Amino acid sequence: MKYILLTGASGGLGYKLAEYLLNKNYCVIMLYNTHDNLDKLVSKYPNSLKYKIDITNEDEIIKLKKYLDSINIKIDILINNAGIDHVSDVSLKNKNTFTKVYEVNAVSAFLMIKYFGDEIDNNQGYILNISSDNTDNNYDIVTLEYDMSKSALNMLTKEYARYYKNAHVNSILFGWLDTNMNNIPEDMKKYIKFVSFDRACMEVYEMINNNSSGLFKIVN
């Protein structure tokens, strides 16, 4: 059985991914921070494990690594899914809004790769970064922090795809996903073309079952 480390597992795409991959008989270590709604999955799937962590805190990631080592779990697949946004007029943006979004969307992914990348490389496994098509041509200044952080995540993919000789390091650039992060009124959603969670999960599954590295796939 292969072990998947999944960040941002408690909501939106993360929760759907966890359930989908558990049904595919992966062992999924589901990382969450503030919202713990994973008991249903834990009770249903013996191949699941939930773990509370602040992935922007390097010490907590080191603690997670030591814990998994202590129970003889070596990670085959890392999915950097956790992400936040900050939507505002550009005049309201400041150092704090940039720092918070960057830490969650880009720095945490770097830290996860820093501590789990070598064993994934040894296992000829996969690192998949969940990015956004905002980094392609759908950017908007109201989401400047998000768009720049996801561009940094793309660069992280490029660099580690070159660095690791055996691991497969790729990105998916998703379009609109119907998550709470969007903060879109229900009556407006009918005018938006969303990527369904079912399709998103299938795309992720395909990306962790191919031989490519340095691949950027736009899904919108």
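What do strand 5, helix 5 (residues 144-163) and strand 6 make? They make a right-handed β-α-β unit. Right-handed means that, with the strands pointing away from the viewer, the path from the first strand over the helix to the second runs clockwise. Helices (H or I, at least four residues) and strands (E, at least two) are DSSP runs, numbered from the N terminus.

A word on the source. This is a predicted model, where local features need pLDDT of at least 70, side-chain atom pairs count only at pLDDT 80 or more, and totals for chains, interfaces and linings use all residues. Residues are numbered from 1 along each chain as its sequence is written, and side-chain values use heavy atoms, with hydrogens and water left out.

Stay with strand 5. Seven bridges join strand 5 to strand 6 (residues 168-174), and the two run parallel. Y126 stands opposite H168 of strand 6. Strand 5 also pairs with strand 4 (residues 77-80), again in the parallel sense, over four bridges. Here L128 is the bridge partner of I79. Pairing takes at least two DSSP bridges between two strands. Strand 4, helix 4 (residues 95-122) and strand 5 make a right-handed β-α-β unit.

Is strand 5 enclosed or open? Seven of the seven residues of strand 5 (residues 126-132) are buried, so the strand is largely enclosed by the rest of the structure. Buried means under 20% relative accessible area, exposed over 50%, partly exposed in between (1.4 Å probe, protein chains only). Y126, L128, I130 and S132 point one way; I127, N129 and S131 point the other. In a regular strand, side chains alternate between the two faces of the sheet.

Now the rings. The whole structure holds six aromatic pairs. One is Y26 with Y205: edge-to-face, 6.5 Å centre to centre, 75° between the planes. Rings of Phe, Tyr and Trp (its six-membered ring) pair if their centres lie within 6.5 Å; planes under 30 degrees apart are stacked, over 60 edge-to-face, the rest tilted. Y26 sits in the loop between helix 1 (12-23) and strand 2 (27-32) and Y205 in helix 7 (residues 197-207), so the pair ties together parts 179 residues apart in sequence. Y26 is buried at 8%; Y205 is partly exposed at 26%. Ring pairs link Y20, Y26 and Y205 into a cluster.

Last, a charge. The charged end of K24 sits over the ring of Y205, 4.7 Å from its centre. The test: NZ of Lys or CZ of Arg within 6 Å of the ring centre and within 35 degrees of the ring normal.
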